[in-house]
Structures are given as structure tokens and as C-alpha cells.
Amino acid sequence: MRRLPLSRPDLGPQERRRLLAVLASGRLSLGPCLREFEERMARLCGVRHAVAVSSGTAALHLIVRGLGLGPGDEVVTTPFSFVASSNALLYEGIRPVFVDIDPATFNLDVGRVEDAITPRTRAILAVDVFGLPVDWPALTGLAGRHDLLLIDDACEALGASVGGRPVGSWGAAAAFGFYPNKQITTGEGGCITTDDDVLAARCRSMRNHGRDDDAVMAHVRLGYNYRMSELAAALGCAQLERLPDLLARRAALARCYAEALAPLTDDLILPADPPGTVRSWFVYVVRLRDHFAPEARDLLMARLRARGIACAPYFPAIHLQPYYRERFGFRPGTFPACEAASARTLALPFFTRLPDEAPARVAGALEACLSGLPRGRVSVHPNLPAS
Ligand SMILES: Cc1ncc(COP(=O)(O)O)c(C=O)c1O
């Protein structure tokens with residue numbers, strides 16, 4: 001039986017052509033592909049500036065630092081994300097203030113944000129989880145009322161929009177990531193999008209060791225090597241040219257999954273998007289219903305893997321990661337909606353070249369594996385030892 005991986009990049013002749021052209025040119029850094037990639041990203045997001053960098057994490061770090069956030073500041077954010085979204089705050093000595101999620105969307109529960117605001121709060125860092133935009137219109141209103149900066153971790157959401165306005169154009173700035181499991185990949189890479197001229201210039205400088213002019217050895221601020229190589233940018237240009245097709249294929253696969261899994265909805269909750277939002281399909285994540293014991297999810301994953309179907313727990317809660325528990329003293333029970341989601345969700349194989357028949361095969365395997373799973377509740381988070 002053929003193994004179904006969780007994700008695979010979609011690379012073809014266009015990518016090969018662009019990469020070979022860079023090799024032939026001999027220009028491997030800070031060249032025309034970087035400029036082209038940035039121009040394409042800015043156009044796609046409807047903003048004045050795009051600054052390409054070496055990873056999504058680097059993009060988040062430069063935004064946070066470029067906005068002048070630092071020690072003593074608090075930033076409201078979600079505990080249900082990849083750990084990099086709040087690590088970027090820790091890099092600058094900022095305290096992440098977690099707010100629980102909306103269990104229906106897995107995104108920050110905007111209705112709870114106000115209660116978390118203190119005189120030290122400077123910004124809200126929201127994440128478009130699994131490619132579904134957060135409620136940006138509501139967050140924009142709230143941030144305006146409290147004079148807070150808005151940062152979008154859009155690493156999973158290239159091509160998504162709310163009310164027709166693209167992700168990447170909301171808030172002060174957005175961060176994108178191009179790891180090979182993303183909608184487009186540059187191998188490793190990331191990008192900042194913003195309309196803020198000063199922030200864009202600072203980020204551009206900080207990504208290249210704090211130079212104001214890439215060609216001059218004058219370092220006017222603390223900088224980093226967060227450059228995106230020409231090879232990565234060339235890959236990114238080829239992928240962006242194909243973006244409409246790549247996104248359409250992902251959306252079609254999501255529809256196939258929804259159809260194939262419809263008979264299992266007594267046991268599984270499938271993704272459902274609020275009206276007015278266009279998701280950019282990053283992963284296909286289902287959630288076990290509450291009649292199962294939390295340990296059922298890991299058992300289900302083991303059974304699926306035994307049948308050659310890759311799957312992953314998306315996401316483990318950030319506040320319960322060992323480093324965060326140790327540093328901040330978080331304990332299970334602090335953010336119940338996040339913890340319930342992280343105990344019950346699993347990502348299924350999802351990538352553009354997934355064969356058409358795969359969702360039906362996954363659904364068949366899920367149906368078989370769901371039977372006899374333990375039911376009922378347990379009080380301890382399944383991934384953690386009791387404390
Ligand atoms: C929500 C989120 N934030 C940040 C990142 C970090 O991106 P990178 O791995 O490119 O540093 C990722 C991707 O892995 C992500 O999914």
C-alpha cells in the first residue's frame with residue numbers, strides 16, 4: 001500500500017528553469033529575483049512594501065523589533081499556533097499575553113482580547129491559523145479604540161482574504177513563511193508586507209546586518225543575516241506565478257475531503273469557514289468530537305500511521321510547551337478552548353499532488369480506525385505528564 005505523506009512541495013519545470021537561470025547568472029544574493037519576488041508579494045497583498053527574508057520567524061522578529069516593541073511591553077496573542085509566533089516576542093524581551101481561542105475557527109477569540117489589555121499592552125499579534133483569516137475587521141476596530149498595533153502572523157495564509165481585502169494588508173505589518181509545507185515554498189524563506197515606509201526601511205536594513213545601503217559597509221543599527229538568497233527568491237517567483245493554480249488545487253482537495261468525510265461527522269468536526277472570509281488552504285485539520293477521551297486522538301493517529309497514512313497533531317498548545325511551562329509556570333487548564341483543540345485535532349495528508357482518490361482512502365481508514373476508540377473525558381492533557 002502506498003504511503004500517503006502529510007505534505008510535499010509542488011515543484012516543476014518552471015521552478016527548475018528559474019533556478020538554473022540564477023546559477024547561470026552567477027548572482028546568488030541581493031539580485032533581480034529578490035526584487036521581483038518582493039514586487040510580486042507587494043502586489044498580491046495590495047501593499048507598498050514587501051521585504052523578503054530567510055524565514056517566517058525572521059519576518060516576525062523584524063516586525064516586532066522594527067515596530068519598537070521591547071522589554072516591559074506586553075503583546076496579546078494566541079496560544080494555539082506554531083511556537084514561532086510567540087517566540088518572536090520573547091526574542092525582544094516582550095511578554096506574550098495569551099488569550100484563548102474560538103473553538104469553531106481555532107483563531108484568537110476576539111471577544112476575549114479586551115479583558116487581556118493592560119497599560120503595558122502595545123500590540124496584538126494574531127495568527128491566521130491553518131490559512132483561515134482571523135476576524136480582522138473586528139480586531140482593527142478594537143486596536144483602534146485602544147491605540148494598539150496590529151501584527152498579522154500570516155505564515156499559513158498566503159492568498160487568503162477577509163471581505164475582499166487580502167491577508168498581508170491588515171494591521172501594521174504581516175509575516176509570511178515559505179517552508180516546504182506551505183502554499184508556496186522557497187525552501188526556507190519568509191516575507192514582511194507593510195504600508196509603513198519607515199518600518200519597511202528598518203526591516204530591509206536589519207535583514208542585512210543593519211546597513212542602510214546594501215552596498216556599503218556602514219552598519220547604522222543592530223542587524224542580522226536574515227537575507228533571502230537569489231535561489232530562494234527565484235523559486236518563490238516561479239511558485240507565485242503558479243499561485244492561482246496551486247490554491248485552486250488545494251481548495252478542490254479540501255472539497256474532496258469534505259465530501260469523503262461527510263458520513264463521519266458524528267465523530268469528526270470538519271473545517272467550516274465564517275462568511276466573508278476566504279481561506280487559503282494550508283492543512284486539512286479535523287477535530288475529534290467531545291464524546292471521545294482526549295487520549296483517543298493519539299491512538300487514532302497511531303492506527304492511521306499503521307495504515308500508511310501520515311498525520312500530525314496540529315497544534316500542541318504553546319503555553320504547555322516545556323520551555324513555556326518552565327519559564328512562565330503555565331499549567332493545563334489555563335486556556336481550555338486551546339487545550340481541548342490541541343488534544344483533539346489532527347492534520348491529514350494535504351498537498352497539491354495528493355492523488356484525487358486519496359481523500360476517499362483516508363476517509364475509509366478513518367472510519368475503520370475510529371471504531372472502538374476510548375470515550376469519555378480525562379483530566380490530564382494527553383501529551384503531558386501529570387504535574
Ligand atoms: C503560524 C506560523 N508562524 C510562524 C511560522 C514560522 O515560519 P518559519 O518556519 O518559516 O520560520 C510558521 C511556519 O512554520 C507558522 O505556521
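Start by selecting Glu15 and Arg242: the two form a salt bridge, with their closest N and O atoms 2.7 Å apart. Glu15 sits in helix H1 (residues 13–25) and Arg242 in the loop between H8 and H9, so this pair ties together parts of the chain that are 227 residues apart in sequence. The count of salt bridges comes to 20. Keep in mind throughout that the model is predicted.

**The boundary between them.** How much area do domain 1 and domain 2 bury between them? The value is about 2900 Å², and 67% of it is on carbon and sulfur atoms. Now select Phe98, Phe130 and Gln183, which supply 22% of the area that domain 1 buries against domain 2, more than any other three residues. A search for salt bridges between domain 1 and domain 2 gives a count of zero. For polar contacts, the count between the two domains is 11 residue pairs, both residues being at pLDDT 80 or more.

**Two backbone stops.** Most residues other than glycine have a negative phi, and most peptide bonds are trans. Return to Phe130, in the loop between strand S4 (121–127) and helix H6 (136–146). Phe130 is not a glycine, yet its phi is positive, at about 60 degrees. Then move to Tyr314 and Phe315, which are joined by a cis peptide bond with omega of about -15 degrees. Phe315 belongs to the loop between helix H10 (296–306) and helix H11 (322–328).

**Aromatic pairs.** The structure holds 21 aromatic pairs. For one of them, select Tyr257 and Phe350: the ring centres are 6.5 Å apart and the planes stand at 40 degrees, so the pair is tilted. Where in the chain do Tyr257 and Phe350 lie? Tyr257 is in helix H9 (residues 243–261), while Phe350 is in the loop between strand S13 (345–348) and helix H13 (358–370). The pair links distant parts of the chain, 93 residues apart.

Terms used: Residues are numbered from 1 along each chain as its sequence is written. This is a predicted model: local features need pLDDT of at least 70, side-chain atom pairs count only at pLDDT 80 or more; totals for chains, interfaces and linings use all residues. Side-chain values use heavy atoms; hydrogens and water are left out. Buried area is the accessible area (1.4 Å probe) that two parts lose on being put together, summed over both. A salt bridge is a side-chain nitrogen of Lys or Arg within 4 Å of a carboxyl oxygen of Asp or Glu. A polar contact is a pair of N or O atoms within 3.5 Å; within protein, one must be able to donate a hydrogen and the other to accept it, and residues adjacent in sequence count only if both atoms are side-chain atoms. Rings of Phe, Tyr and Trp (its six-membered ring) pair if their centres lie within 6.5 Å; planes under 30 degrees apart count as stacked, over 60 as edge-to-face and the rest as tilted. Helices (H or I, at least four residues) and strands (E, at least two) are DSSP runs, numbered from the N terminus.
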